[in-house]
Amino acid sequence: MRKAILLFMVMANISAIAQSVVVHDQVSFPEKIPAGGYSGITWLGEDQYAVVSDKERRDGFFRFTIAIDESGDIMNVVRQDFYGNNNRGRDNEGIAFFPSHQTLFISGETDNQVKELTFEGKPTGRKLALPSVFSKATSSYGLEALTYNAVTHRFWTTTESTLSCDGKEASLRNRIVNKLRLQSFDDNLRPREQFLYVMDKPTAKSGAKTYVLGVSALTALDDGRLLVLEREAHIPDVKLGAFVRCAIYSVQPTKDMAIKGSKISKAKALKKTLVTQWMTYVGLLSVDFANYEGMCLGPRLEDGGQVIVLLSDSQYQYAGILQDWFRTIVIY
């Protein structure tokens, strides 16, 4: 078993709960995973997963086999076939399995819609009924995250950054916080409660050629909590010193915290519990830079631990130095 880190969370200034988290090392399998822009993942059961890539020319998804051992560590990953249709790719960013219908929902950042596909990759014509406020989403910071939980019977999605009607998007220049709307939907694909989520401020201190700050993934837990993946990527001109900071927070949406009306100015932000965080870099001697964009619920271990599976977007193994990294964390 590869090295893992055991974290006991005791946080100041952030709501915290007693729990332990095992963070496994990130791994890659270049001989079995062709280069891609992998941006979303969902568990189908056993060792099967569906994965979307945001640079595919056609709308659809890949099937992946991910072998996980008794500790929750990833032992092997294999990409299988692509299942799609003749529609153009929509910059697919998130994917969620809907077990009662045996279908998959995919969020696209080009049209900012969440559409349903069959297991063969064919459109059903159905989609989540997004509230009109999400028409303000952009094609660069639009609908990124998507998840569904069969116990709570809720879909969840959000934009990567702040909607224009809610304020400015956070940047290194303005150093403000992103204010996001976490939107839920029921099994009939109708919108339900909406909640205010406030991200961390930018941490990077210097300018960058490329800077990305936003929520890249959500995972809905059986107990009603949501895991929120905040991702900050800072890439200077010379690439050396580029880093990605990832932080996973837990929030507990309750009806009394739901946004009332169309504005967020009077809404209370959900309390955040830090689950774990890490950083990856482009260094002189090694490159572990990993832009994690996908996260999903995985299997539950015999010891009770809940596996969370994450994957990164390498931009097709950019410049020959980036890799398609995977990692798991286990929550107890």
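I kept in mind throughout that the model is predicted.

**Entry 1**

I started with an open sheet of four strands, ordered 15-16-17-18 and paired antiparallel. I looked for its edges and found strand 15 (210–220) and strand 18 (273–281), each of which pairs on one side only. Neighbouring strands here are turned by 15° against each other on average, direction ignored.

Next I checked how strand 17 (residues 243–251) meets strand 18. The two pair in the antiparallel sense over eight bridges. I picked out Tyr 249, which stands opposite Leu 274 in strand 18.

**Entry 1**

Glu 232 lies in strand 16 (residues 226–235) and Arg 245 in strand 17, so the pair ties together parts that are 13 residues apart in sequence.

Are the two partners buried or exposed? Glu 232 has a relative accessible area of 0%, so I noted Glu 232 as buried. Arg 245 counts as buried too, at 8% relative accessibility. Salt bridges that share partners then join Asp 200, Glu 230, Glu 232, Arg 245 and Lys 272 into one network.

**Entry 2: other salt bridges**

How many salt bridges does the whole structure hold? My search turned up 16. As a reminder to myself, side chains of opposite charge can pair when their charged atoms come close.

I looked up two further examples. Arg 126 and Glu 116 meet through their side chains at 2.8 Å, N to O. This pair links distant parts of the chain, with Arg 126 in strand 10 and Glu 116 in strand 9, ten residues apart. Arg 126 is partly exposed at 30% relative accessibility, whereas Glu 116 is buried at 3%.

Asp 186 and Arg 192 also form a salt bridge, at 3.7 Å from N to O. Asp 186 is buried, with a relative accessible area of 12%. Arg 192 is partly exposed, and its value is 39%.

**Entry 3: aromatic rings**

I moved on to the rings and found 13 aromatic pairs in the structure. Phe 61 and Tyr 83 make a stacked one, 5.8 Å centre to centre with 25° between the planes. Phe 61 sits in strand 5 (residues 58–68) and Tyr 83 in strand 6 (residues 74–88), so the pair ties together parts 22 residues apart in sequence. Phe 61 is buried at a relative accessible area of 1%, while Tyr 83 is partly exposed at 26%.

I then looked at Phe 97 and Phe 119. Their ring centres are 5.7 Å apart and their planes stand at 50°, so this pair is tilted. Phe 97 lies in strand 7 (residues 92–98) and Phe 119 in the loop between strand 9 (113–117) and strand 10 (123–127), so parts 22 residues apart in sequence are tied together. Phe 97 is buried, with a relative accessible area of 12%.

I also noted a cluster: ring pairs link Tyr 38, Phe 62, Phe 64, Phe 82 and Phe 326.

How many residues of strand 20 (residues 306–312) are buried? I got seven of its seven. In a regular strand the side chains alternate between the two faces of the sheet. I listed the faces of strand 20 separately, and both are covered. Gln 306, Ile 308, Leu 310 and Ser 312 are buried on one side, and Val 307, Val 309 and Leu 311 are buried on the other.

Strand 20 pairs with strand 19 in the antiparallel sense over six bridges. In that pairing, Val 309 is the bridge partner of Cys 296. The hairpin of these two strands has five residues between the strands, and Gly 304 takes a positive phi near 95° there.

I also followed strand 20 to strand 21 (residues 326–331), where six bridges join the antiparallel strands. Leu 310 stands opposite Arg 327 in strand 21.

**Entry 4: the surface and a loop**

Last, I looked at a nonpolar surface patch formed by Val 238, Leu 240, Leu 284 and Leu 285, with about 530 Å² of accessible area together. Leu 285 lies in the loop between strand 18 and strand 19 (292–300). Leu 285 is exposed, at a relative accessible area of 86%.

Gly 283 has its place in the loop between strand 18 and strand 19. I logged Gly 283 as partly exposed, at 28%. Gly 283 and Gly 241 are 42 residues apart in sequence, but 5.9 Å apart in space, C-alpha to C-alpha.

Note on methods. Residues are numbered from 1 along each chain as its sequence is written. This is a predicted model: local features need pLDDT of at least 70, side-chain atom pairs count only at pLDDT 80 or more; totals for chains, interfaces and linings use all residues. Side-chain values use heavy atoms; hydrogens and water are left out. Two strands pair if DSSP finds at least two bridges between them. Axes are lines fitted to C-alpha atoms, for helices over the stretch in contact, and angles run from 0 to 180 degrees between N-to-C directions. Patches are made of residues with over 30% relative accessible area and no salt bridge: like charges are joined within 9 Å, nonpolar side chains (Val, Leu, Ile, Met, Phe, Trp, Tyr) within 5 Å. Accessible areas come from the Shrake-Rupley method with a 1.4 Å probe; for residues, only the protein chains shown count as cover. A salt bridge is a side-chain nitrogen of Lys or Arg within 4 Å of a carboxyl oxygen of Asp or Glu. Buried means under 20% relative accessible area, exposed over 50%, partly exposed in between (1.4 Å probe, protein chains only). Rings of Phe, Tyr and Trp (its six-membered ring) pair if their centres lie within 6.5 Å; planes under 30 degrees apart count as stacked, over 60 as edge-to-face and the rest as tilted.
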